Amino acid sequence: MAPVYTPKQALATFKLPPGYSIELVAAEPLVHDPVAIDFDADGRMYVVEMSGYMPSVSGEGEHVPNGKIVVLEDTDDDGRIDRRTVFLDSLVLPRTVAVLEQGILVGAPPFLWLLRDTTGDFRADTRVIVRDDYGATDANPEHNANGARWGLDNWLHAANDTRELRLRADGTFESRHTPSLGQWGISSDEYGRLYRNSNEDPLRTDLIPAHYATRDGVTAPLRGLYSALTKNVAVFPSRRTPAVNRGYREKTLRADSTLAHYTSAGSPTAYVGDRYPAAMRRSVFVTESAGNLVGQFIVENANGAPSSAR
């Protein structure tokens, strides 16, 4: 059996590249079952808590409205969260949060809401329905609309969804059709290229805008759309991981019960900052939640477009 660690014990088990360290920012009871986050301009963290996912092996009780959006703050600037405020509760399997100037965009299928805190207490006071077709209530939670990534084209892009949104100057939203791509999570690099993935398919990118595929007269898949950058690759967890996705398949686990390759790829995150060393540039980090690890892919460019990842 894989041991269960306290947050303090878990910190001692992480294996990191030379020169890097890891610190605990928040743990229970300040945060529970987080699946998505976004930050406001003052560094406050808005977290989606999906506490209703798989309460039993058969998934019974998933529609209990116990999901939340919480605001986490570090009030004394010591690098640790010390205040939790419930921004919105009583949600069924929430999965999306995006901090906008006009409010907080929150997704819990089939609704996408724009919520506002009008009193400054970090609690939602008003709620406006932006969409009522944001995924489906009875869909598999692993295959439902999620994400709201603001692209360089000023559109909010998503994964596992068939629409993109743009905020008009008057505060209303417009939408356009797009193919449903990826599974969980979406990111963008400094060129505006979007990255998505799915279980055993660690990293794909759009070399052209996805909505081109929905234009009149387009009948065949477009080259460069949701283009694979890498095949599935070997992973090396630092601990045993017997409870993995597709663990029943031969060669999914090694003899020591560690995961052998990606089976639950998600949350691709392109690094676009300047605080890490130059070697981190062109990196896209991909989680493997079942294997308790994060992989780093270096995207190689050919003629101005990514051709592969290593």
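Student: Which backbone oxygen lies 3.5 Å from a polar atom of the side chain of His157?

Tutor: The backbone oxygen of Trp155 lies at that distance of 3.5 Å. A polar contact is a pair of N or O atoms within 3.5 Å; within protein, one must be able to donate a hydrogen and the other to accept it, and residues adjacent in sequence count only if both atoms are side-chain atoms. Please note that this is a predicted model, in which local features need pLDDT of at least 70 and side-chain atom pairs count only at pLDDT 80 or more, while totals for chains, interfaces and linings use all residues. Residues are numbered from 1 along each chain as its sequence is written, and side-chain values use heavy atoms, with hydrogens and water left out.

Student: Why is His157 called buried?

Tutor: Buried means under 20% relative accessible area, exposed over 50%, and partly exposed in between (1.4 Å probe, protein chains only). His157 has 5% relative accessibility, and therefore counts as buried.

Student: Which residues does His157 touch, apart from those up to four places away in sequence?

Tutor: Among them are Gly147, Glu164, Arg176, Leu194 and Arg196; contact means heavy atoms within 4.5 Å. His157 itself is placed in strand 10 (residues 156-159). Helices (H or I, at least four residues) and strands (E, at least two) are DSSP runs, numbered from the N terminus.

Student: What makes strand 14 mostly covered?

Tutor: Four of the five residues of strand 14 (residues 194-198) are buried.

Student: Why is Asp77 called exposed, and why is Ser257 called only partly exposed?

Tutor: Asp77 has a relative accessible area of 69%, and is therefore exposed. Ser257 has a relative accessible area of 27%, so the term is partly exposed.

Student: What is the phi of Asp77, and what is that of Ser257?

Tutor: Asp77 has a positive phi of about 60° although it is not a glycine, and Ser257, also a residue other than glycine, has a positive phi near 70°. Asp77 lies in the loop between strand 3 (67-73) and strand 4 (83-91).
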